[in-house]
Amino acid sequence: MNTADFLNLLVAAVLLAGVYAAMSVGMTIIYGVLKIVNLAHAGFLMLGAYFVYELYTRANIDPLLGVILAFPVFFLIGVAVYWLLVRRIPRSDQPTLSSLLLLFGLWLVLQNLGYLIWGNGDHAILTPRTFSTFQIGPIIFPTVRLVVFGAAVASLACLEFALHRTWFGRAIRALMQNSDAGRIAGVHVDRTAQVAFGIGIAFAGAAGGLLAMMYSFTPDFGGSFLLRAFVIIVLGGLESFAGVAVGALILALVETFSILLIPSGYQPAISFSLLVLALVILPDGVAGLWKKRQRLA
Amino acid sequence: MTHLSSKRSFRLCARSLNFLLVAICFFTIAGCGKGGNSGNEIRVGVVMPITGREAKPGQYQREGIELAIKQINDAGGIMVKEKGKKLRVKEVFYDDASDQAKSAGLVERAMTTDEVTAVIGGYSTALGEAESVMPDRYQTPWITPGAAAAHIFSRDYTYTFGTLSSTDLLGYTTGEFLGSLTDAGKLKKDLAVALALENTDHGVEYGEGIQRWIQEHPGYFRVVFSEKFDLGGTDFSGLLQKVKASKADIFLADAHLQDYITMERQYIQSGMYHQMISYGARGPDQDARKALGDATNYIFAGLWWSKKLPYPQVKKFDADYQAFAGHEPDSYYPAPAYDAMRALAMAIEQAGTLNKTAIRDALKNVELKDSLMPGQVLRFGKMGQVELPFVIVQNKPDDKSDIVYPKDAATGEAVAPKPRK
């Protein structure tokens, strides 16, 4: 493999990391505030993909604009789901069986709803952007992947800004760090949790829209991304957004470059191995390592 | 006292009546579930994926089976000598959701609880493989119209039948087709071939078939790269980069529909080019052409069936299918399923009984002389799998496609090498 091939692979891995980060961040917000693992995440990824697809095919709305529109729509869906279902789950510092079962059930309902509405065929978004590329020296940049990467980075930056510069963002962070202390400091736990759930679902829907620009999808879509999202948030630390970005980059780099050494048929084993390694060696993820280093300093 | 005891006995009576009613309801419902074949119908189990990864092909196969059942029933049913009359066919359908464990469980349920005469099921090698352990266990004939790996039929099972030729033969025919292009001077000799195969028996056997042809015909092609990939992958950039680095002239992959779409998108985005490109049995699928547009042009596929086959029964089937399902048959999917049901009906009629072993024996000798499949005669081989030829189809611009091999069935010329733009 020459330098050009290596650089092309590196670019592919970094662009893939952007996609992975975008699809994982919603899960991290929800886990951080509510301490529940959102198994319905894949269902909202799927709905996001169809939302952008419908806007594109029916109203000729550019998929990128569709992704932006997905944010408020899926935020409202998330708030409604919280109000209808999630707030009834008993609060706990650990994910409970009831929350896992409820959200798994919700995923199945969403999947079947998808089959009812869109049938079982493969859908895809084909725009002039889909196959266009541009080249800098020997490196080829697929436009659609670059757009998806840019959108993912921009949405993560907005989230980071909102979490650090707004009162509401601080309230979310307070609940992620210590919900009891947050309550004492005057944070309205239920309202904050409801909005945090809405934001998590908004990110899932938007990420689904971004994925729809790259992949074909059916109502079954999202399952294979769910495992990767788990790996990323465990790698990054369950409650850290910067950690999510690092986790996504690690997974994308390892998945892409390991294929050079081992047959690509073992690619899923890489994700599982990383998950096991992270749980054994870095149970608090990369974010835990930073915190440790800061404490020692 | 008397008043109290009469009240108690009334309550007892009411309770007993309630219990009796519940029991009657229970047994009625349980009875509804079974029914067996003793009445005026022949129950046929159909286990197909209409949700999940294989939903679309599964749906087409289900429609093929249901069309055959409808036509059989419209003609009065299947003549069963033992009963002295024609019996209608009743489908017992289950969706396995493209899940192997569920698929095997549902076939078991159809064969035991539902007491079906036979089961038609298993689209895709993986699902068919899971189902294939049940027929001999419950001594119920099973025909798969969607699992092609020869491996399934090499275990000395006796109740297992398949209407698709083996994927090894698909690979071999692909080699033959490429060889014919070399003989015609369209491709040069000694071209380098890269193989990317899905990590299933389907993919492995496809690769083996190609390698076998290349070994038997030295000087035509050489394999410079061969690697397996996992089904349902989200990123093929690493694999494609390795294919690129191998500097192959021909790229042959074996992939299912979603992987075909994802891989071809990344293939184009990586700026890759090969003189010939194939994704095994995928190519003219409508969903792929919608998802990939012009990028599917000149991709060729080895298919078990094509609606372009120049047989009158194929034309009739095409029209009947469109009227029944409301859409055209996509790729090869519905035809082997339609023929599986017709072969089963013929076997039941020839057996003259609903005895499953007798039907199994009849299936071994069945000869469907107006088959839709290439060659027009469907008969099961020694191991239960048909040995029918393949057709090679090549996509052309404007959503067109042609049979380009074998010559006697060709509807157009093969374009080789593939134009760069």
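Guide: The model is predicted. To begin with the contact between the chains, chain B puts in 36 residues and chain A puts in 32 residues.

Visitor: Which elements give two or more residues to the side of chain B that touches chain A?

Guide: They are α2 (55-74), β8 (221-229), α8 (237-245), α9 (257-269) and α10 (286-292) of chain B. The largest share, 7 residues, is that of α9(B). By residue type, this side of chain B divides into 10 nonpolar, 16 polar and 10 charged.

Visitor: What makes chain A as compact as a globular protein of its length?

Guide: The pattern along its sequence is α-α-α-α-β-β-α-α-α-α-α-α-α-α, which comes to 12 helices and 2 strands. For 297 residues the globule rule gives 19 Å, and the radius of gyration of chain A is 19 Å, close to that value, so the chain is as compact as a globular protein of that length. Along the principal axes, its C-alpha atoms fill a box of roughly 60 × 55 × 35 Å. Buried residues make up 52% of the 297 in chain A. Of the contacts in chain A with a separation of 6 or more, 76% are between residues 24 or more positions apart.

Visitor: How do you know that the span of helix α5 of chain A is close to the expected one?

Guide: Helix α5(A), residues 143-165, has 23 residues, and at 1.5 Å a residue the expected span is 33 Å. From first C-alpha to last, the helix reaches 32 Å, which is close to that. Its buried residues include V144(A), V148(A), F149(A), A151(A), A152(A) and L156(A). Among the elements that cover the buried residues of α5(A) are α1, α3 (63-84), β2 (139-142), α8 (189-212) and α10 (241-258) of chain A.

Visitor: Which residues touch the most other members of the largest nonpolar core?

Guide: That core has 231 residues, and the ones with the most such neighbours are L45(A), L210(A), I120(B) and L344(B). Helix α1 (residues 3-34) of chain A gives the largest share, 18 residues.

Visitor: Why is this core said to lie between two domains of chain B?

Guide: Domain 2 (41-165 + 309-389) and domain 3 (168-303 + 392-409) of chain B both give residues to the core, so it lies between them. As for L210(A), beyond its neighbours within four places in sequence, the residue is in contact with V19(A), A22(A), V67(A), V148(A), A151(A) and A152(A).

Visitor: Which peptide bonds are cis?

Guide: Among them is the bond from Y405(B) to P406(B), with omega near 0 degrees. Another is the bond from A416(B) to P417(B), with omega near -10 degrees. P406(B) is in the segment after β13 (400-405) of chain B, and P417(B) is in the segment after β13 too.

Technical notes: Residues numbered from 1 in each chain as written. Chains lettered and ligands numbered in written order. Predicted model: local features only at pLDDT ≥ 70, side-chain atom pairs only at ≥ 80, totals over all residues. Helix = DSSP H or I, 4+ residues; strand = E, 2+ residues; numbered from the N terminus. Rg over C-alpha atoms; globule rule 2.2 N^0.38 Å. Buried ≥ 20, exposed ≤ 12 C-beta atoms within 10 Å, placed from the backbone. Contact = placed C-beta atoms within 7 Å. Core = buried A, V, L, I, M, F, W, Y, C linked by C-beta atoms within 7 Å. Domains from an automatic or database assignment. Expected span 1.5 Å × (residues − 1). Nonpolar A, V, L, I, M, F, W, Y, C, P; charged D, E, K, R; others polar.
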